[in-house]
Amino acid sequence: EPEDPVSDEYGFVGWYNGDEEWDFDNDTVTEDIILKARWIYNIYFSYVIKNNEVKISWYLGFEQEVIIPKSIKGYQVTTLGESSFSQKELKTVYFPKTLTTIEDFAFCSCVNLESVYIPSNVSQIGLYAFADCTNLTSIVVSPQNGVYDSRDNCNAIIETANNALISGCKNTVIPSTITSI
């Protein structure tokens, strides 16, 4: 996998083959292909670089569809800060595979948010991260996530180790294995 390209004005989203993000772990090259870098303008994010990682502190935009970059200025985006996207008009948000932490209230009161897909590397989700997202109808956790799951297509985020449902939506079906909410 090539190193992420670096730009002062843009965040790197990923390598794309046409409209599809290239998955270096699972996609196979059978013929010559051209991968193109996809970027997002950094002006929409207030962020902090610490310990060679990026924490997005605040989303400054007004778009309904947001792609969070996988890197900014060559550093991986790993954290979405407390209340960083709260009360925004988001309908759809795409998380990078580099994301590990979603802090407290990160998407609280995003009343237009419809679906969430939690990537495999997310190992910390704060309190009320998706609270009051009244139009949220779909929550899916990557099957490769070792900390959280959305077993039995339940439309919820479950902390796997202790069977605790930590976030749900209007279509959540609580599995019988849940021991706390």
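**Sheet, loop, core and pocket**

Guide: Three strands form an open sheet in the order 14-15-16, with antiparallel pairing. Strand 14 (148–149) and strand 16 stand at the edges with a single partner strand each, so one side of each has no neighbour in the sheet. This is a predicted model, in which local features need pLDDT of at least 70 and side-chain atom pairs count only at pLDDT 80 or more, while totals for chains, interfaces and linings use all residues. Residues are numbered from 1 along each chain as its sequence is written, and side-chain values use heavy atoms, with hydrogens and water left out.

Visitor: How do you know that strand 15 and strand 16 pair?
Guide: Strands are DSSP runs of E with at least two residues, numbered from the N terminus, and two of them pair if DSSP finds at least two bridges between them. Strand 15 (residues 156–159) and strand 16 (residues 164–168) are joined by 4 bridges, so they meet that definition. E159 has A164 as its bridge partner in strand 16, and I157 stands opposite S167. The hairpin has 4 residues between these strands, and N163 there takes a positive phi near 55°.

Visitor: Why is P143 called exposed?
Guide: Exposed means over 50% relative accessible area, buried under 20%, and partly exposed in between (1.4 Å probe, protein chains only). P143 has 70%, so it is exposed. P143 is found in the loop between strand 13 (138–141) and strand 14.

Visitor: What makes the 35 residues a nonpolar core?
Guide: Such a core is a set of buried Ala, Val, Leu, Ile, Met, Phe, Trp, Tyr and Cys residues joined through side-chain atoms within 4.5 Å. In the largest one, the members that touch the most others are F85, F95, I102, F107, L113, I118 and F130. Strand 5 (53–59) gives the most to this core, with 3 residues. If contact means heavy atoms within 4.5 Å, then F95, leaving aside neighbours within four places in sequence, has contacts including I68, L80 and Y117.

Visitor: Which residues lining the largest pocket lie nearest its centre?
Guide: A pocket is an open set of points on a 1 Å grid over the protein atoms alone, where a 1.4 Å probe fits, with protein on both sides within 12 Å along at least five of seven lines; lining residues have an atom within 4 Å of a point. By that rule 32 residues line the largest pocket, and E21, F95, P96, K97 and P119 lie nearest its centre.
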